[in-house]
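This report describes the fold content, the nonpolar cores and a set of strand pairings of one protein. The sequence and structure are shown below.

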Amino acid sequence: MRWFICALAAACVSAALLLPVPASAVVQGYAEPTYTKTSGNDAFWWRWTATTGGDANGNVNYTWYLCFRTYANGVLVEDSNGTSGPGTQNCTGSLRSGPSPSQADYAAMPFQTNTVLQDGTRYDMCASGFYLQPFIWKWDSTSACPWTIVDRNRPQLSVTVGGAAQYTRNPALPLRIDYADATSPPWAGAGGVASNWTCINRGAACSPSGAPNAACSTPADPASRTTFFSCTADVSAQLDGDWYVCAFAADGAVPDNPSGVNQFAQATSNNANLSGTTCGHIVLDRVAPSVTAAADATTVTVGQIVHFSATTSDASGVPGQVEWDFGDNTARGSGTSASHTYTQAGTYQAKASTADGAGNAGAGTVTITVQPAPGGGSGGPGTPPGAPTTPGTPRTPGAPTTPGTPSAPTNPAPGPGTVTQAPSPGAISEQSGGGGTQRTSVAGLSVTAPRRFKLTPSRRKLPLAFTVATPGAVDIALVRAGAVVARGGTSAHQAGTFGFSLKLPTRAKAGTYTLKIVFRPTGKTARTKTLRITVVRPKTKKKPAMARTAARLLQGVPLAR
């Protein structure tokens, strides 16, 4: 046991907080911080008031001494026996030899002076006073047990700006500082405000200094050893760029004061255990990406394929996916390059749009003028440019074809079918009895077909639309339960869009059919695509028996006997 006495008792008392004890007590402990920062041992302090004893002869005896017990996390780890007399194990010698001093301050440390107390452990050190009563050493019936938790480890921090986002267009940057400490919660200042030092800088990390940032120092849970802080850094008046926010924090430990009774003499956050500096960052980007749209031809004819391209650039270097709107209310395209065929004459504005990583949207446009096709135009009679001719009209070998008109297929697919002007999705749905359309693509071929076809005596042709990127043959088959119900086909001798009507048999039953399309690009491997089409038939009312009999007689059909 290591102990020492305060030389100036009155001065020591005035500078410290005494723990409340009953009025009759003669030993009081000075308050310790809940968490003490110490690299080794810790000094505990008491204030004692002596009790005067006497010997067997009735003479006054001024001998008075203290004995100590130490507990670690509630377990007795250092003991004493005060009734064995002064100077015995963990007991002082007599603290007075006469009537004065009758009161003083005293400090002691657990174990030996050079003992290193265990980090994260609570230590209670109890002091009890003893005096002489005739024939025995007697406890004066009071003990004082100041306590503290040893904390010498530094908290750990992490800083995030904008959550998980890498880019933002909002200059009010949301900050989060996550705190974790093995022993103590964050520093508890006035009003529960902790101490986090922060700095913000564009382009590189920074070093916090000066006073703590009170706006970023209110913990979500002040009593927790694992908590977080939230605040905002406004850089709206600053330039765009990569913004760094760096921080360090203080835990709740107070340095030990072995020199006096006031154990809160150094109770300022800059004297606590301080974390290392850590940073988070985010790219502020408030500028929309630059988009330039272009086409290989800006004046084309109906059915001619147009190849589009887009170039993008952005300050943050991360333009998003390019989306294309061709301006004719058809399906959109995507990517820095796209192809499209216009089926109606007119002037269209194709727009390429994108967004950068911060969410800024940018767009570029190019105007396309579509002229009627030679010999037919948009919506008029004739064969659409790029469309195959009707099967069954082969070209005489070696004979030239009319300019602008593709020759007939050299190997037309068998079965019923008619090449038509390319219908729009709305026209396909209307011609099929309503029910909407569906679209699918396979390398070099795009197909639009109805979802449902209402088969009636006057509606037997299933409307389809094809767009081919290269010349090739198209075979179409409508299959149900493994059997081919209708088959058709044609060939295209140049890229383009055309329509095709597949004729269904009158007695085709209602149900779900598979439309099988096989595209055979010239000189390339065939590709197959399938679609589901529901065929419905309107319900017909059954004639009464007498009406059926009369009809049979009028038709000359003899009645069964």
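In this predicted model, 67% of the contacts between residues at least 6 apart in sequence join residues at least 24 apart. The secondary structure of the protein consists of three helices and 38 strands. Of its 561 residues, 43% are buried. The accessible surface comes to about 27300 Å², and carbon and sulfur atoms account for 52% of that area.

In soluble globular proteins, nonpolar side chains tend to be buried together. Here the largest nonpolar core contains 28 residues, and those with the most contacts inside it are L445, L462, F466, I476, L502, L515 and I517. Strands that each supply at least two residues of this core include β31 (445-450), β33 (461-468) and β38 (527-536). Leaving aside residues up to four places away in sequence, L462 touches P450, F453, F500, S501, L502, L504, L515 and I533.

Strand β20 (residues 278-284) pairs with β14 (residues 167-168) in parallel and with β18 (residues 241-249) in antiparallel fashion. The two pairings are set out below.

| Strand paired with β20 | Direction | Bridges |
|---|---|---|
| β14 (residues 167-168) | parallel | two bridges |
| β18 (residues 241-249) | antiparallel | seven bridges |

Individual residue pairs can be located within these pairings. T168 has L284 of β20 as its bridge partner, while D242 stands opposite V283 in β20.

Definitions and conventions. Residues are numbered from 1 along each chain as its sequence is written. This is a predicted model: local features need pLDDT of at least 70, side-chain atom pairs count only at pLDDT 80 or more; totals for chains, interfaces and linings use all residues. Side-chain values use heavy atoms; hydrogens and water are left out. Helices (H or I, at least four residues) and strands (E, at least two) are DSSP runs, numbered from the N terminus. Buried means under 20% relative accessible area, exposed over 50%, partly exposed in between (1.4 Å probe, protein chains only). Contact means heavy atoms within 4.5 Å. Accessible areas come from the Shrake-Rupley method with a 1.4 Å probe; for residues, only the protein chains shown count as cover. A nonpolar core is a set of buried Ala, Val, Leu, Ile, Met, Phe, Trp, Tyr and Cys residues joined through side-chain atoms within 4.5 Å. Two strands pair if DSSP finds at least two bridges between them.
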